[in-house]
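Please look through the sequence and the model before reading on.

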Amino acid sequence: MWRKASAAALLALAVGYFYHGGPDLPEQILQYIGLPNFQSSPQSQNSLEQVIAASWETLITLPTRQWSKVAVGVNACVDVVVSGVGLLQAMAVDPGVGLDHEVLHSKEELKEAFVHYMERGAAAERFFSDSEAFQRIARAAAEYPGAKLYVGGNAALISQKLATYPDIMVLLCGPVGPKLHEMLDEQIVVPPDSLQETDEYHLILEYKAGEQWGSTQAPQANRFIFSHDMSNGEMRSLETFVANLDEFEPDLVVLSGLHMMEGQGRELWEDRLKEAVLAISEIRQDIPIHLELASMTDKEYMSSIMQEVMPIVSSIGLNEQELLFLSQAGDGPHADLAAWKGVPDVGRVSDILLWILERHGRSEPSSEADLTRIHFHTLAYHILATVDGYWGNQAAAVMAGARVASSQACGLQFVDAGKVELKAPLEFHSSHGEPREELTLNPAQPVTTWRRGNVTFHLTVVLVCKEPLRTVGLGDAISAEGLVYSELKSQQTFYEFA
């Protein structure tokens, strides 16, 4: 009894100190009483965010051995970013019921798919099959007030982020037209055989948190992307990319764009995926390769990627939608979930990440697979899951990814604690089932680590921008930053695809 009474007295003393004495609550008391109890207080929210942001600046350090040359391919384009609701209204499209479509054939199907994802606050990307209809929509988007042009495509965006590090030389292969070439960082090397006469345009319909259209209200800010892009859709630059690697001699390869083939139909992607696997296999085995996944809807296609591509890459990056869809396509853990509700449960995410590394990775020394690292990101938190013995500096890497998500969403070069908010739970479990650990995140040391078998998990929270200026490319920036801060512990056979 006296212990409980003492604990209660200390809790009361700490709370009184916190509310009346200022936000700088001593770290020892925070750890003792359990920080999650303070999440309901706006004052404590501000304090936690300041502590986390300051901790990132102290704890994030570059690895001893850093990449000097990174080759990135193969999807690149120009993004036309507009207000989704505003553009659809300008096109005289009425709001209605949301309905997902694997491929878009008309502006009516565009509206249905947009509403479907807007009401979920989820990102998605689709192929628009009708070239003429797409050109009409593209013209309307370009003429819409406030429309902006940006560098687009996972490979180009990852290249842009890597190019902010002056010691890294970056090679970009993809369909680079004159407008895109003009917008790329001058540090990025584009081989002559990647240049083309015209640009590929992707339309990005953004919406804000709380934005309403008809009966649909967005729970969080996000975007819906669509295009009629045959160059990227068929990954036409892949062989050119591989052919340029011998001369460039990279120490890391980052690949992206597999998701673009989905809209071309099974007959094309089935053959092209086999050719892609052969091309990837031609890359020197001592060069690590990273794969960044993106939004897909075809379970057979995702299953083929799992079976044929994942075992020959060393690292993958993906978000919560892609993670759940991957599990659904492979009958993995929690495949019966139709969609995540709110912040994805850490225990369920951990279960799926472990399943991927055990099923398609090198979680056992006897495995012939090369996959040893997964960088998972969702709005509220990030996890890096790695097979023991292969990767170093992962605590710094996961924090670096979260830091860039917090700053870039707000359009800043740093994290402004007044413009962000903590949405992740500070208490969670290592698994959804038993046995499982009860885990806590300490804001003064904002990485929680746990192990399951031969796999180590590093989790950090994201300080979510309250009024995001741009959501496009956050996943690419997160993965790029995570790679910059990652280090191979030993020279193994690796591949990583973005």
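Helices (H or I, at least four residues) and strands (E, at least two) are DSSP runs, and they are numbered from the N terminus. This is a predicted model, in which local features need pLDDT of at least 70 and side-chain atom pairs count only at pLDDT 80 or more, while totals for chains, interfaces and linings use all residues. Residues are numbered from 1 along each chain as its sequence is written, and side-chain values use heavy atoms, with hydrogens and water left out.

**The chain as a whole**

- The secondary structure of the protein chain comes to 16 helices and 25 strands.
- Of the 498 residues in the protein chain, 60% are buried, where buried means under 20% relative accessible area, exposed means over 50%, and partly exposed lies in between (1.4 Å probe, protein chains only).
- The protein chain exposes about 20500 Å², of which carbon and sulfur atoms supply 49%; accessible areas come from the Shrake-Rupley method with a 1.4 Å probe, and for residues only the protein chains shown count as cover.
- Among the contacts in the protein chain with a separation of 6 or more, 73% are between residues 24 or more positions apart, a contact being heavy atoms within 4.5 Å.

**The disulfide**

- The structure holds 1 disulfide, a term for a pair of cysteine sulfur atoms within 2.5 Å.
- This disulfide joins Cys-410 to Cys-465, with an S to S distance of 2.0 Å.
- The pair links distant parts of the chain, 55 residues apart, since Cys-410 lies in the loop between helix H15 (394–409) and strand E18 (420–422), and Cys-465 lies in strand E23 (residues 463–465).
- The torsion about the S-S bond of Cys-410 and Cys-465 is about 120°, so the disulfide is right-handed.
- Both Cys-410 and Cys-465 are buried.

**Helix H15 and what follows**

- The 16 residues of H15 should span 22 Å at 1.5 Å a residue, and its end C-alpha atoms are 23 Å apart, which agrees; the expected span of a helix is 1.5 Å times one less than its number of residues.
- H15 is mostly covered, with 14 of its 16 residues buried.
- Just after H15, Gly-411 takes a positive phi of about 70°.

**Ser-430**

- Ser-430 lies in the loop between strand E19 (427–429) and strand E20 (438–440).
- With a relative accessible area of 4%, Ser-430 is buried.
- Leaving aside its neighbours within four places in sequence, Ser-430 is in contact with residues including Gly-347, Asp-351, Trp-450 and Arg-452.
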